Amino acid sequence: MHAKGMKIYQDVVYNHTSRWGARGLFTPKHFGVRDAQWSPHYDEPNPDFAYDGLSVEPKSGKSYYNGDLWSTEQPAGNTCVDWGRPTQWTSPEGYRIYNCQWPSPTSGTWPTAYYHTCWIGNWEGEDSRPCWLHDDLADLDTESPAVQNHLIGAYGKYIDMGVDGFRVDTAVHIPRTTWNRRFLPAIQERVTQKHGAEAARNFFVFGEVASFVNDKWNRGSVNHSAQFYTWKERQEYSADDAKAALEMYGREQAEGPSGQPTSTNAFLRGNTYHTPDRSRFSGMHVIDMRMHMNFGDAVNAFHNGKDSDDSYHDATYNVVYVDSHDYGPNQSAERYAGGTDAWAENMSLMWTFRGIPTLYHGSEIEFRKGMRIDRGPACPLATTGRAYYGDHIAGEVEASGFGTVDSATGPVARTLAQPLVKHVQRLNLIRRAIPALQKGQYSTEGVTGEMAFKRRWTSGTTDSFALVTVTHGAGYRGIPNGVYTDAVTGDRRTVTDGTLTVAAPGKGNLRVYVLDGPGRIGAAGPYLK
């Protein structure tokens, strides 16, 4: 991957294990029975086989063999109450469910040295940290030194392999104090030891802080808001991590939204780029949940996104997407189905506004649009929004450069011919050629238009200044004089009075006027023309 100029970001989970626990930490035994109903779900035990996640167990023919994780007879040392007693419940298939067959934090199975033992009650309360979110997400006690050491060691192995960063699942369910004093420093230390200081500076960590609201702050709770996790702590807390978590929670909730730090790191000063102040950065960037929630249409996403930007340490590095393997916009359970024109508009905004544009696989051909993303464990993946996408990219591709396809055969040729694929290919070319669109600060000062802004990136001999408008017309006042060239059409404008007016390019289209720019980038396509 690195030889091809690409990077790998590994999805990691610090908050919980599955119901099967974690090898090397704690692996529970659950009740199981190989009867007429349940037999297909429980592999026959093989005492001569040691599960390693890769080797195939010969009797079951599976690498995901589970014969060592269940027992009909109560095992020695069992702590689960009423082992194997039939309950009044049945599975979706109508099978009888037995006590201790399915995980529960209150069953007595889970040792408090490693796991929490309560159910979540309030998603914006303190109990969203030390309690289970779901019966298949066994909540780790991340304030336990034994758990911390296990997780640091486990994810250190991915660092050793050479991954370039982590996407952190359920980051909000771990106290910020624990991230700031334990896990984030451990990541930096491991990367530095294995790959050097420069690799550590470039190791990109971004967290999932799921807040499904349109508020700047999640129902007023700072501890449950995405931007909160981008900041360092503001005081010292107890040396005991569990106590420190409670102290920090209480202090920050009392401070409230109005008492939180603010930043100008994402914003230009007039038309001038300034060096960002990294002194208070936690080490974790975040998914832009507010833009995601509002991507029912791009205008809403844009205005909601910029409304929150002063509360992030640096919104330039927010990870921005329309839909994902979990949700569509507005917490929809279905993959985005707003139409091809709307997708083009969303992409044009994501590729030019601040943040890192992100696509869920297949969105570039509207794959499984409108399909329910997750239908539960009883349904084949092929019937869901998470269906296998690989068939659409099978075949041969010849490419002479970044974003330049010379020829293709097989299914991938049909995929590459789709309008949104061509759209995103050209967006990639434009973004790559204009540094201001990659890491530039932005401003809407002196700018009129629905989705219009200016961006600038200055570093060494590079000074990149761009005026952007998506779909709608725009006006710019107080900009530097000079020659501006549109990266989409090649249109040249000479500015002598600090003003520039741009006509509406149309739905999904955009204009990117670059001061002393390179000219038109790429060929006209279905939207960029």
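These notebook entries record what I looked up in a predicted model.

**Conventions**

I number residues from 1 along each chain as its sequence is written, and I use heavy atoms for side-chain values, leaving out hydrogens and water. Because the model is predicted, local features need pLDDT of at least 70 and side-chain atom pairs count only at pLDDT 80 or more, while totals for chains, interfaces and linings use all residues.

**Entry 1: disulfides**

I searched for disulfides (cysteine sulfur atoms within 2.5 Å) and found two. C80 and C100 form one of them, with sulfur atoms 2.0 Å apart. I noted -95° about the S-S bond, a left-handed link for C80 and C100. C80 lies in the loop between strand 4 (70-71) and strand 5 (86-90), and C100 in the loop between strand 6 and strand 7, 20 residues apart. Here strands (E, at least two residues) and helices (H or I, at least four residues) are DSSP runs, numbered from the N terminus. I record C80 and C100 as buried; buried means under 20% relative accessible area, exposed over 50%, and partly exposed in between, with a 1.4 Å probe and protein chains only.

C118 and C131 form a disulfide as well, their sulfur atoms 2.0 Å apart. Its angle about the S-S bond is -90°, and the link is left-handed. Both C118 and C131 are in the loop between strand 6 and strand 7, 13 residues apart. C118 is partly exposed at a relative accessible area of 25%, whereas C131 is buried at 5%. Counting bonded cysteines along the chain, I read the pattern as 1-2, 3-4.

**Entry 2: salt bridges**

My search of the whole structure for salt bridges (a side-chain nitrogen of Lys or Arg within 4 Å of a carboxyl oxygen of Asp or Glu) gave 30. Side chains of opposite charge can pair when their charged atoms come close.

I looked up R219 and E124, whose closest N and O atoms are 3.2 Å apart in a salt bridge. This pair links distant parts of the chain: R219 is in the loop between strand 9 (204-207) and helix 4 (241-255), E124 is in the loop between strand 6 (96-98) and strand 7 (138-139), and 95 residues separate them. R219 is exposed, with a relative accessible area of 54%, and E124 is partly exposed at 21%.

I then turned to R167, which meets D169 in a salt bridge at 3.0 Å, N to O. Both D169 and R167 are buried. R167 also meets E208 in a salt bridge, at 3.8 Å, N to O. R167 belongs to strand 8 (residues 165-169) and E208 to the loop between strand 9 and helix 4, 41 residues apart. E208, like R167, is buried. I also noted one network, in which salt bridges that share partners join R176, E233, R234, R251, E252 and E255.

**Entry 3: aromatic rings**

I counted 31 aromatic pairs in the whole structure; rings of Phe, Tyr and Trp (its six-membered ring) pair if their centres lie within 6.5 Å, with planes under 30 degrees apart stacked, over 60 edge-to-face and the rest tilted. Y14 and W179 are edge-to-face, 5.0 Å centre to centre with 65° between the planes. Y14 lies in the loop between strand 1 (9-13) and strand 2 (16-17) and W179 in helix 2 (residues 176-195), so the pair ties together parts 165 residues apart in sequence. Both residues, Y14 and W179, are buried.

For charges over rings, I required NZ of Lys or CZ of Arg within 6 Å of the ring centre and within 35 degrees of the ring normal. The charged end of R176 sits over the ring of F228, 3.7 Å from its centre. The charged end of R432 sits over the ring of F402, 4.1 Å from its centre.

**Entry 4: helix 9**

Buried residues in helix 9 include L420, V421, V424, L427 and I430. Among the elements that cover the buried residues of helix 9 are helix 7 (340-350), strand 14 (404-409) and strand 23 (510-515).

Terms used: Contact = heavy atoms within 4.5 Å.
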